[in-house]
Amino acid sequence: MSLASVGMGALRTSFQMLFDAVKSVQEENTMFQHLLRDIKSTLDSLQPLIKDIEKYNSKEGLENYAIQMEEGAKLVQKCSKVGLWRKHTYTKKLSQLDKSLRRVFDVLKRQGMRDARETLVSLRSIQTVLSRIEESLKMKNNLPEMVKCSSAVPEAPSVTVGLDLPLKELKMKLLKDEQVSMLVLTAAGGCGKTTLAKMFCQDQEVKDTFKNNIFFVNVSKKPNLDLIVHELYQRKGSELPAFENEVMAANWLQQFLKESRQNPLLFVLDDVWSGSESLLEKFDQFKFSNCKILVTSRFAFPRFGSPYHLAPLNDEDAMALFHYSASSEDKSSYTYEDLSRKGCPLAIALVGRSLRGQPIEIWQKRVVEWCKGSSILDSDKDLLACLQSSLDALDKEKAIMKECFLDLGSFPEDQRIAAAALIDMWAELYGLDEEFLTIANLHELTARSLANLVVTRHEREADGYYTEHFVTQHDMLRELAIHQASQGPIEHRKRLFINIRGDKLPKWLTEQKYQAIKARLLSISTDGDFSGKWPNMQAPEAEVLVLNFQTRNYALPEFVEKMDKLKVLILKNDGLLPAELDNFELLGSLSNLKRIRLERISIPSVSKVLKQLKSLQKISFFMCDIGQGFVQILDALPNLVELNIDYCHDLVQLPANLCDLIHLKKLSISNCHKLSALPADIGKLANLEVLRLRSCADLLELPGSIRNFKVLKFLDISGCFSVKELPEDIGAMCSMEKINVSQCSRLKKLPASVMDLEQLKEVICDEETKTLWEPFLPLLTNIHIKNGTSSKSVDLLKLQGMRDARETLVSLRNVDTALSRIQENWVMKNYQPEKVECSPVVPEPPSVTVGLDLPLKELKMKLLKDERVSTLVLTAAGGCGKTTLAKKFCRDQEVRVWLVGSLSHHESFPHMVMQFLVNFQVSHHTQIRMILGNLIAITQTSLKLVLAYSSIGTFTCIVAFGLHIRTDNIQD
């Protein structure tokens, strides 16, 4: 028996002795009950790690741990006999015992992190072996490498009406007619073109024909071939460099089609607009015999063959869709008859959802408003009128909300809108000075289905950080905003949206018909073919200017110099790389300019010729190339109040002249992972009220001069993994009310001066950093500690993550060994695919449940017996047993019998079963590639987070899902 085995056995024995002693004495002893409870909690956390100790690579120190626990067991036993006069001595000893146990726990946690690092090494080794296997296979079969594809086809809505016949006709044209290689599916906006295209891709006959070679690409108004080709290669698991021009992108598209020609291939080019003929020509030019292209568009493009016109819904289908959307059970009511003629599915669905659950009087009122005379859904004009009804619901008190909705038309189609940009716009246009007011308006618009607010990182506590809040919008709603904003004469509109394709300007602009426009908001969007030749335009009343572009080189229009009332400038580059910007010096003459936001801009190009912007109060850099020009930028902003720098990955250090911005009140830097140091004299920013250094992973420390921040109210260093300590004089920041130290995993102690933070009211932290504050709580009586998650759940998640990491490592070693054997024998044996067995993945409910029998019975009555109920929401407060009841329902025998009976009576059930089995005939090689592709993606791209959170165990769920959908793309 090895010494390591002996050590493990002794450790387990000693641990059990200590565990039993604490449990026994805790029940009988009241003098040390509080301390024994803490020790018992620590032992509960240690217990699963001790059980899995044999999975550790290193067994160092096990004997010492065993000795410590044996002595601890003896100490606990003595406590049961200690008199009151010796309480102080044993209280100190028990506290030391608890600390030593916590150190053991920390050591085992660090070992788990080392195991995670070794996982990465093992993964790379396995990947190398797999590459050699692939080479051997290609040499043996002398076949070109197959293109790996993931369908990435979005699902169609669960309920569709009136599309069965069009689907059948589409299949006849694209699958049966050999002369048709490209088909344009055309109809007015909102008539269901995209839904029908999704149904086509998900149809079983189509999937049998094209297998996984189905690519669904959203094109939109301003197609970017560069982005489309990159997306295609990403879906097959390849990465490409940025293209210098469109010719190079076209060459890569041709190469992609050549590599894919071994099997039938289907492209769906969704939402193609007029003017995109050149894009269709490239796909049509490079296609091959078994390649089919389906185009959805509002335009027919007759040069590419006879289009398929999708007809509006007939009366019967329109009524059926309306009933479903409104969840109406009374299908005889006269109030919907006027809505039942030919119409647009999107409009009908929107109208139905707006009336869902409303009293009958509201229905009657809407019918009177919408259905005076003929149907409101007969044409595009009527569709827009119908969509406008969503705006009409905004009463007079919500007038600003309507204005905010219309402003969303300032940004390009199919692009996320940064909430931070809207904050700047609406602060100056509508006086929404507090940032949360803008976010509240976006929540309101989302609740009314007029927009969709997306938060890419959820935080329990709102702290004014909105960099990762974005807005998306359906094309039709964006069209509605543009349509509403375009009413009335151009020279009198409050907002003006100008879209320029190439150098083709709007007719009214080329004719110089209007001497000056009076719009307060001016938005100009240009595409990648724009040459930079601006017309002579006058916009003296404009307060907000939004410039959207895609070119690598962009120049501010010269008429900006005369926009005397301009307060906000937003430059948004939708290209792949930061753009060079010219004419920035024109802004020097604008005395009212307060806010500038730059997205994907090369800062050195801005700093070449720069005049002072004395009126500027706020500037934001998002995904910009900082380079060497930051010093000149800051010199030109003497009165700056707020500076935001987000996702600027080349920012390593801040220039010293930052400290000269004496008016600065808010400095926010987030996700600049290479930022390693702050200026030593940053304390000169005497007026600073907010300092946010969020997710700056390489930041090592805070300068001692921050003690001079006498008016600072909020300090945020969350996600700064490398910060080990806070400055000794942090207590001198006498006005600080709030601090965020969550996810600062290396922060091990707090300086004693934190006791001087008398104004501190709120500390946001996680469980690790919470323990640092506990000794100071008796002195900081007004402090309130807020956790991102509960301590118990954090401990369990971290513990499970460490156990998963160790199990991952053991599994990878086994895989590595197996791969070595595969490599030796692969070429000599015939490759045979293996079927993957599948089992239901419904989790087991707890073995004992109480009080759920009657609710289970009622659930079964509603879902199994009531044919009118297809969706049921089970709701209650958190912790009331919703998930447990759902598990019991899925495991109920009656439910299973009902499910099997329902499927077996379905006419396509045998085909469904056979296809299910066929879809899971995944080869050894494919399985390994999928598993390792996901593992390597997780480990290589997020190693710091893996080590910080010990969460590598999440790979299990991803691998299982990857096997299910047959993909090795981690983004899926």
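**Ground rules.** I am working with a predicted model, where local features need pLDDT of at least 70 and side-chain atom pairs count only at pLDDT 80 or more, while totals for chains, interfaces and linings use all residues. Residues are numbered from 1 along each chain as its sequence is written, and side-chain values use heavy atoms, with hydrogens and water left out. Helices (H or I, at least four residues) and strands (E, at least two) are DSSP runs numbered from the N terminus.

**Entry 1: α8 and α9.** I noted first that two packed helices are described by the angle between their axes and the distance between the axes. Axes are lines fitted to C-alpha atoms, for helices over the stretch in contact, and angles run from 0 to 180 degrees between N-to-C directions. For α8 (residues 225-235) and α9 (residues 246-259), I found axes that come within 9 Å and cross at roughly 30°. The crossing of α8 past α9 is left-handed (near helix turned anticlockwise from the far one by less than a right angle; clockwise is right-handed). On the α8 side, the contact (heavy atoms within 4.5 Å) is made by L225, D226, V229, L232 and Y233. Residues from α9 include W252, L253 and F256. I sorted the contact residues into nine nonpolar, one polar and three charged (Ala, Val, Leu, Ile, Met, Phe, Trp, Tyr, Cys and Pro are nonpolar; Asp, Glu, Lys and Arg charged; the others, Gly among them, polar).

**Entry 2: α9 and α10.** Next I followed α9 to α10 (residues 277-286), where the axes come within 10 Å and cross at roughly 35°. This crossing is right-handed. E246, A250, L253, Q254 and L257 of α9 meet K282, F283 and F286 of α10.

**Entry 3: α15 and α16.** I then checked α15 (residues 399-407), which packs on α16 at about 135° with the axes 12 Å apart. That makes α15 oblique to α16. Their contact joins I400, E403, C404 and D407 of α15 to M425, W426, L429 and Y430 of α16. The tally is six nonpolar, no polar and two charged.

**Entry 4: cavities.** How many cavities of 30 Å³ or more are there? I count seven (a cavity is a set of points on a 1 Å grid over the protein atoms alone where a 1.4 Å probe fits but cannot get out; lining residues have an atom within 4 Å of a point).

Notes:
1 Å grid on protein atoms, 1.4 Å probe; cavity = no way out; pocket = protein on both sides within 12 Å on 5 of 7 lines; lining within 4 Å. Points joined across faces, edges and corners; volume = space filled by probe spheres on them. Parallel < 35°, antiparallel > 145°, perpendicular 65-115°, else oblique.
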